[in-house]
Amino acid sequence: YKSVSGVSGNLNSIGSDTLNNLMTLWAEGFKKSYPNVNVQIEGKGSSTAPPALIEGTAQIGPMSRLMKAEEIDAFEKKHGYKPTEVKVAVDALAVFANKDNPLKGVTMKQIDSIFSKTRKKGGEDISDWGQLGLDAWKGRAISLYGRNSASGTYGFFQEHALSKGDYKPTVKEQPGSSAVVQGIGADQYGIGYSGIGYKTSSVRALPIAGEDGQFYDATYENALSGDYPLARFLVVYVNKKPGESLDKLTLEFLKFALSKEGQTIVEKDGYFPVPKEVADEVIGSLSK
């Protein structure tokens, strides 16, 4: 990343909790080049991003899911054009179990049976570890951890893992990703979902089997190839007028985030970098 002159002011980011650590680390790195820039970050959930962008209380809206049609419509109604989506990192949304859990892996159908009361994937209800083949844990209830409905991760998991079905009422809803992981780490019989960047030594990410029945680990290669079934891009949305370059402060921040330096920060935070060609394309589109 090469810093430029004339960058100053306040940069506000409101949105995803999954991206909270990453936004904070980017802000710290960015401020090394621009000590006079003030960056404010609030990460209470992806659903807080669209209203902030619509009202202009934030220039950046990080989200761990894509905007819904009604959110895009509301933005367009106010501004006369659609918001711009910027891919900033790759995540393998992990299903975490306690580090002492011996389970080899789970299938997408089993995940639905564990977390959903509607079981749209057609499986039988699973509420006991014995039902997953752990004979030593037969009779032990599965303890469920998840996010609250303001979370994009909650929405993404509901759509992709539960086929848009309903969560069981027994899921312990947490306000943030780190709380989910802490809960599972302290609960031998716990299982839950969170971005791979929140992994700690007290949990393990279970390999997941998709359509082909093969188990895939939550790795960068498997996320990019699509073999890992819960891979996703983490994105930020910005308010960019068609045919005009994005405002300088926001543009330089995103250039930094997508630079080699910025994507090294992504890896340090436990997520995966976006492919270089994607980053180059994104920067090109924001500059015109």
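Trainee: How many residues line the largest pocket, and which of them lie nearest its centre?
Mentor: The lining has 19 residues, with Arg65, Leu66, Gly155, Phe156 and Glu159 nearest the centre. The model is predicted: local features need pLDDT of at least 70 and side-chain atom pairs 80 or more, while totals for chains, interfaces and linings use all residues. Numbering starts from 1 along each chain as its sequence is written, and side-chain values use heavy atoms, without hydrogens and water.

Trainee: What makes a residue part of a pocket lining?
Mentor: An atom within 4 Å of a pocket point; such points form an open set on a 1 Å grid over the protein atoms alone, with protein on both sides within 12 Å along at least five of seven lines. Helix H5 (152-160) and strand E13 (231-238) each give two or more residues to the lining of the largest pocket, and H5 gives the most, seven. The space in this pocket is about 380 Å³.

Trainee: Why is strand E9 called mostly covered?
Mentor: Because buried means under 20% relative accessible area (1.4 Å probe, protein chains only), and five of the five residues in E9 (190-194) are buried. Gly190, Gly192 and Ser194 cover one side, Ile191 and Tyr193 the other, and all are buried.

Trainee: How do you know that E5 and E9 pair, and in which sense do they run?
Mentor: Pairing takes at least two DSSP bridges; strand E5 (94-98) has four to E9 and runs antiparallel to it. Alanine 94 stands opposite serine 194. Strand E7 (143-147) also qualifies, being parallel to E9 over three bridges, and tyrosine 145 has glycine 192 as its bridge partner.

Technical notes. Buried < 20%, exposed > 50% of the residue type's maximum accessible area, 1.4 Å probe, protein only. 1 Å grid on protein atoms, 1.4 Å probe; cavity = no way out; pocket = protein on both sides within 12 Å on 5 of 7 lines; lining within 4 Å. Points joined across faces, edges and corners; volume = space filled by probe spheres on them.
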